[in-house]
Each structure stands twice: as C-alpha cells, then as structure tokens.
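Please read them with the structure open.

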Amino acid sequence: MITDEFDIDEAEMLRDVQIEDESGCNISAGINHGANLGNYLFEKINIISYDELKEILTDSKVGNVLSSEEIDEVTAKIQEKILASRLELKNYPIPKSA
Amino acid sequence: MGDRRKYMALVKTKIFRVADQVFVPAEISKFSQKSLDDFETFWRSRIQPDLQDEIYWNWLNKNRLYISRDNYEAYAIENESERITQGMMLIETQNHRSKVDQRKRIVYVETLETAPWNRQNSEPAPQFKRVGTALLRFAQRRSQELGYDGIVGLHSLPESEIFYRNQNMMDCGQDPAKENLTYFEWYKSGGKS
C-alpha cells in the first residue's frame, strides 16, 4: 500500500476552511442517499466486474470453445442474473429488463 | 484483464478540528467493510429520514443496471486519532466527459457526503471541517493521475451549489438527466480558473 501526502500547505488548507465557512452549507455531491448511502457504496464497488468475470471465463475451458463475442454475451447474462438475485435478496424493486 | 492496479493508496491529509481550531491528520483510503461498519454504527442513527424511500428506490432503479468495468472507486476519510469515517466519496473514472470539451475525460464525483456530525446544521456544532473539500481535492488529484488534467465534474443539490461556485467550479446549468441537479465542473487543473 502506497502512503503519501497532499494538501498539507497550511495556507491553502485555511483557505479551504474559509470557503466552507463562507458557503455556510453542507458539502455534498450527487443525490442524497440518506440512510442508504453505506449500502449503496458497498454494492457499487463490490459488484463483480465485467472484466473479471470475462477473464475467468476466457481462462477456463469455456474460453477454448466459445468465441470472444460469445464470451461477452455469456458474461453479460451472468452479470444480469447476479444483479437480479441481489435485488431479490434485498427486496429492491427489480428492473423489468433484469 | 481488468485494471487490478486500482488506486490502493492510503493518502495522508489534514482536516480542521473545530473544538480546538487545529488541523489534525487524516487519511483517505479505499472504502471498505470498516467504512460500512462506521456508517452503520455512527452515521445512520444521526441521519434524518428526510428522503422518502420511494423516491430513492425510483432513482436507484433508473441507475442500477450497468455492467461494471472497474470504473468506480469509493473512498473514505478518517481522522487518525479516532479512526472514524468522517466522509465518503464515490467517483467514476472512465465514462464521463467534460461538458466544456467533449474530447476530455473527467473524474466524475457520483456521491460525496460528510458525516452527519460534520454538517453545517449539526447539533452541536460541526466537529471537523475540510472533510468534503479534502475528498474533492483528492478527486482532482485522481483526475491528474489518470491524465485527465485535473478535470472533475459533479452534480450538486441546490443547497450545496454555493460551495461549488465559491470553489470557482464552472456552473453548467441544471441537468434534466440528473433530477435537474446543477452540474459543476472544475475544468482547469487546480480549480483556480
């Protein structure tokens, strides 16, 4: 793990605080997720990635049988199924296309 | 294979402790199970249920079905002394382009939140300042590292717009595709446009 530092110039940091004070508002971006924020972030980064899934399939025996385009198609379908099952587990509304 | 070199850094910075008016060390690291635990333990009970679930899930539904291509990075910032998550941010690093120059890729801040006790209206007064700004500057740094010239874009809720204007971010107007939230962009590296 890399460790480094940035933004440690005190004058610049004081200016940052001053801007926050002058703005007098909450510092946030994007939609307000409220109490759902933690789960949203966790789900967003823990979903199996398309590239990882495709790599597994390509490196397996399946990769010797299917073309790259076919593996793409299988990968997309598997991921849709995973998403759909996660939504069912959490009682989220399931998109019609899933 | 997917980019396994996703940013693993533990970056040191400083945030401002209001109680004694000093800057204290803080660390920005990848969002983890510990970050989620902090959210559940410390944040959730202090978040007002001001967002109707129906609205939230409708929004999530519209944005849910994507195929992840390692393009999301989530970070948490902790103060070093107590090691409690003081802010969180999710960025997208591959699929967004500058509104000013469509040829240029940007780091898009999907979500940025500070802990409930660091918000302007918190009671008692906010404990730490510069939490959100430190995350924003980190997003800018990621943009530079990725070769995007430090360009950062985000959508702001109305109540936060003044902060981004004060940061000299470019106001690109309301975006109908994002619930009419206003889109801001740090077009010039360093934000000192």
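1. Thr13(B) counts as buried because 23 other C-beta atoms lie within 10 Å of its own, and the cut-off for that label is 20 or more. This residue sits in strand β1 of chain B, which covers residues 10-17. Thr13(B) and Tyr183(B) are separated by 170 residues in sequence and, C-alpha to C-alpha, by 27 Å in space. Please keep in mind that this is a predicted model.

2. On the overall layout, chain B contains 4 helices and 9 strands. Along the sequence their order is β-β-α-α-β-β-β-β-α-β-α-β-β. Chain B has 193 residues, of which 41% count as buried. Taking the contacts in chain B between residues at least 6 apart in sequence, 59% join residues at least 24 apart.

3. Which residues have the most contacts inside the largest nonpolar core? They are Tyr75(B), Met89(B), Val109(B), Leu135(B) and Ala139(B), in a core of 49 residues. The most is given to this core by helix α3 of chain B (residues 131-145), with 6 residues. As background, nonpolar side chains in soluble globular proteins tend to be buried together.

4. Leaving aside residues up to four places away in sequence, Leu135(B) touches Ile28(B), Tyr75(B), Ile77(B), Gly87(B), Met89(B) and Leu112(B). Two of these partners, Tyr75(B) and Met89(B), are also on the list of residues with the most contacts inside the core.

5. Helix α3(B) is mostly covered, with 13 of its 15 residues buried. From first C-alpha to last, α3(B) reaches 21 Å, close to the 21 Å expected at 1.5 Å a residue. Just after α3(B) comes Gly147(B), which has a positive phi of about 85 degrees.

6. Helix α1 of chain B (residues 33-43) has as its buried residues Ser35(B), Leu36(B), Asp38(B), Phe39(B) and Trp43(B). Why can they be said to line one face of the helix? Viewed down the axis of α1(B), the buried residues fall within an arc of 155 degrees, so they line one face. Gln33(B), Asp37(B) and Thr41(B), on the other side of α1(B), are exposed.

Notes. Residues are numbered from 1 along each chain as its sequence is written. Chains are lettered from A and ligands numbered from 1 in the order in which they are written. This is a predicted model: local features need pLDDT of at least 70, side-chain atom pairs count only at pLDDT 80 or more; totals for chains, interfaces and linings use all residues. A nonpolar core is a set of buried Ala, Val, Leu, Ile, Met, Phe, Trp, Tyr and Cys residues joined through C-beta atoms within 7 Å. A residue is buried if 20 or more other C-beta atoms lie within 10 Å of its own, exposed if 12 or fewer, and partly exposed in between; C-beta atoms are placed from the backbone. Helices (H or I, at least four residues) and strands (E, at least two) are DSSP runs, numbered from the N terminus. Two residues are in contact if their C-beta atoms, placed from the backbone, lie within 7 Å. The expected span of a helix is 1.5 Å times one less than its number of residues. The arc is that of the directions from the helix axis to the C-beta atoms.
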